[in-house]
Amino acid sequence: MDRIYSHPQSLRDVPTHYCPGCGHGLAHRLIAEAVDELGLREQVIAVAPVGCAVIAYDYWDFDCSEAAHGRALAVATGIKRVRPQNIVFTYQGDGDLAAIGTNETIHAANRGENLTVFFINNAVYGMTGGQMAPTTLLNQKTSTTPEGRNAQFQGYPLKISEMLALLPGVKYIERVSLGSAQDITKTKKAIKKAFMNQIEGIGFSLVEMLSPCPTYWGLSPCESLDWIKNIMAKEFPLGVIK
Amino acid sequence: MPKILMSGNDAIAEGALRAGCSFYAGYPITPQNELTAYMANNMQKRGGVFIQAEAEVAAINMVFGASAAGARSMTSSSSPGISLKQEGISYIAGAELPAVIVNIMRGGPGLGNIAPSQSDYFQATRSGGHGDYHCIVLAPASVQESYDLTYLAFNLADKYRAPAIILGDGMLGQMMEPLELKNQSPCLAGRQAKPKTKPWALTGCAGRKANVVKSFYLKEGDLEKLNLKLQKKYQEITAKEQRWEELFLDDARVVLVAYGSMARIARAAVKTLRGKGRRVGLVRPVSLWPFPKKAFARPKNKYLVVEMSYGQMLEDVQLALCGEAKIEFLGRSGGGVPSEEEIILKINKIYNG
């Protein structure tokens, strides 16, 4: 019998700390599979965020750096510029990439750094207990928007991918979802494309993944997948943005 | 060896390049802009990387990344910008990365002004950011020393895997003096990590286990272990890396203590007073952390600490002397610089007292 599937070499065989139904485990695995399939494990250097995925380096079995909250793309810039032969990517949540790190995100993109960015959008701060994220939907309840996000006081969900697409330094942006098997297949393709762009020197590439957070959405894992499809993806439409 | 005329800011940049610094990121702020411009002019030509960052915060985190990848890395700024970098410096210390940070101090607090100042002594010598850590802090007092100490800072940072700060001020950064480009080859930048000398660096995990650069230790006991390791390192640095210059200590009745630009004025006062038969000496700390306590091992009667601040290094002199001598203080800040005449006046007042 042919072996058609096995545990990715780039993913350590350890239990994760993620909640049941969380999207991070999926995203980690897809990235690890892509790294293996492209033969990048010995070349890749990841930059982990501050947030739920802060210890991503405990799960990936390749070189990784920590970064202060929001600074992943500054750290990645430093790494890639001194080691252009390596494949450098950041893995960042919505708070990290689109709130505290907005400055680093926009300017790394605008410099056209030849980097790959994986942006996990789950519309909430998970690690700190479910506060409002820049991507929190209107009327979505969080611990800091107990009545639901109100545009009058908290503004609107930030569409940073669309903003970044305006910059000439940005070469590829796609929004995908971890909400169904079919979407997961598309997500993996996008991840591979974002890596290939760096390998080929094409430039700044970002994959935004709509990712379930059942714990702080107050939904079951299954309901969370429906929520992505029926509600979240209405605000954050899937597809190639650039 | 022939000498060239250079400003303190340029000398720091040239010293860094000759030390093999191959990554520089900075953001404009007066009075250190010449340093950034020098790097913009020279870094790429010599095979290194120059980035004008979008902010001080990004610059220090780029340095974090470049250093994690094994490159000798540097950023520079002036007081308000250095405040912005403190988070990054704390992470660099926690992740045990080498890096050189230059602070050409200006007046504070707040936006202050662009006049020379020494008001960031506390910030530099205590943990300026969060957590129990120290940076190695070196304070040049001439253009030559700006060059030499920057070169040394890179070696110490690598040796101890710790951030090192060059603490200068606007006067030193801007003034020009003859400089001898000693003992280093002119074109060393652009070197990449040598896995043999930096086995911890992120270079891709070919032929070895994956490396992780981090300062995060969540498991009970792990962070305390890191802190104990850091403390051991700081004890070693304190024992081995105290540096200072002393002048006329043997028979001194009053010893002036000053560092950086201030020490130049103090030295002039000492020479004038010696010419008048006053037995006055000078201790000039070169390393501010570790503070050169050894220079105070045999206390004299009286000390006069002179700073462009309202008494920051003063506390280290008090700690070094442990009440075994009378300590006077003369300080101005916010652009005020104690003059030779003010120092002489103060010494005449306390000399026989």
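Helices (H or I, at least four residues) and strands (E, at least two) are DSSP runs, numbered from the N terminus. Axes are lines fitted to C-alpha atoms, for helices over the stretch in contact, and angles run from 0 to 180 degrees between N-to-C directions. This is a predicted model, in which local features need pLDDT of at least 70 and side-chain atom pairs count only at pLDDT 80 or more, while totals for chains, interfaces and linings use all residues. Residues are numbered from 1 along each chain as its sequence is written, chains are lettered from A and ligands numbered from 1 in the order in which they are written, and side-chain values use heavy atoms, leaving out hydrogens and water.

**Helix pair in chain A**

- Helices α2(A) (residues 72-82) and α4(A) (residues 102-110) pack at about 40 degrees, and their axes lie 7 Å apart.
- Contact means heavy atoms within 4.5 Å. L73(A), A74(A) and T77(A) of α2(A) meet E104(A), T105(A) and A108(A) of α4(A).
- That contact has 3 nonpolar, 2 polar and 1 charged residues. Ala, Val, Leu, Ile, Met, Phe, Trp, Tyr, Cys and Pro count as nonpolar, Asp, Glu, Lys and Arg as charged, and the others, Gly among them, as polar.

**Interface of chains A and B**

- In chain A, 35 residues are in contact with 36 residues of chain B.
- The buried area is about 2,700 Å², with 59% from carbon and sulfur atoms. Buried area is the accessible area (1.4 Å probe) that two parts lose on being put together, summed over both.
- D63(A), E66(A) and V82(A) supply 23% of the area that chain A buries against chain B, more than any other three residues.
- The rule finds 3 salt bridges across the interface (a side-chain nitrogen of Lys or Arg within 4 Å of a carboxyl oxygen of Asp or Glu).
- E87(B) and R71(A) form a salt bridge through their side chains, at 3.8 Å from N to O.
- On the chain A side, β1 (44-47), β2 (63-65), α2 and α4 each supply at least two residues that touch chain B.
- The largest share, 7 residues, comes from α2(A).
- By class, the chain A side divides into 15 nonpolar, 9 polar and 11 charged residues.
- Strand pairing also crosses between the chains: β2(A) and β9(B) (residues 212-213) run parallel over 2 bridges. Two strands pair if DSSP finds at least two bridges between them.
- The bridge partner of C64(A) in β9(B) is V212(B).

**Sheet in chain B**

- An open sheet of 5 strands has the order β10-β12-β11-β14-β15 in chain B, with mixed pairing.
- Its edge strands are β10(B) (244-247) and β15(B) (326-331), each pairing on one side only.
- Neighbouring strands are turned by 20 degrees against each other on average, direction ignored.
- Helix α10(B) (residues 260-275) packs on the sheet and touches β10, β11, β12 (280-285) and β14 of chain B. The direction of α10(B) makes about 165 degrees with that of β12(B).
- Strands β11(B) (residues 254-257) and β14(B) (residues 302-307) run parallel, joined by 4 bridges.
- L256(B) stands opposite L304(B) of β14(B).

**Backbone features in chain B**

- The peptide bond from G108(B) to P109(B) is cis, with omega near 0 degrees. P109(B) sits in the loop between β5 (99-105) and α6 (121-125) of chain B.
- Another cis peptide bond runs from W289(B) to P290(B), with omega near 0 degrees. P290(B) is in the loop between β13 (287-289) and β14 of chain B.
- E96(B) has a positive phi of about 55 degrees although it is not a glycine. E96(B) lies in the loop between α5 (86-94) and β5 of chain B.
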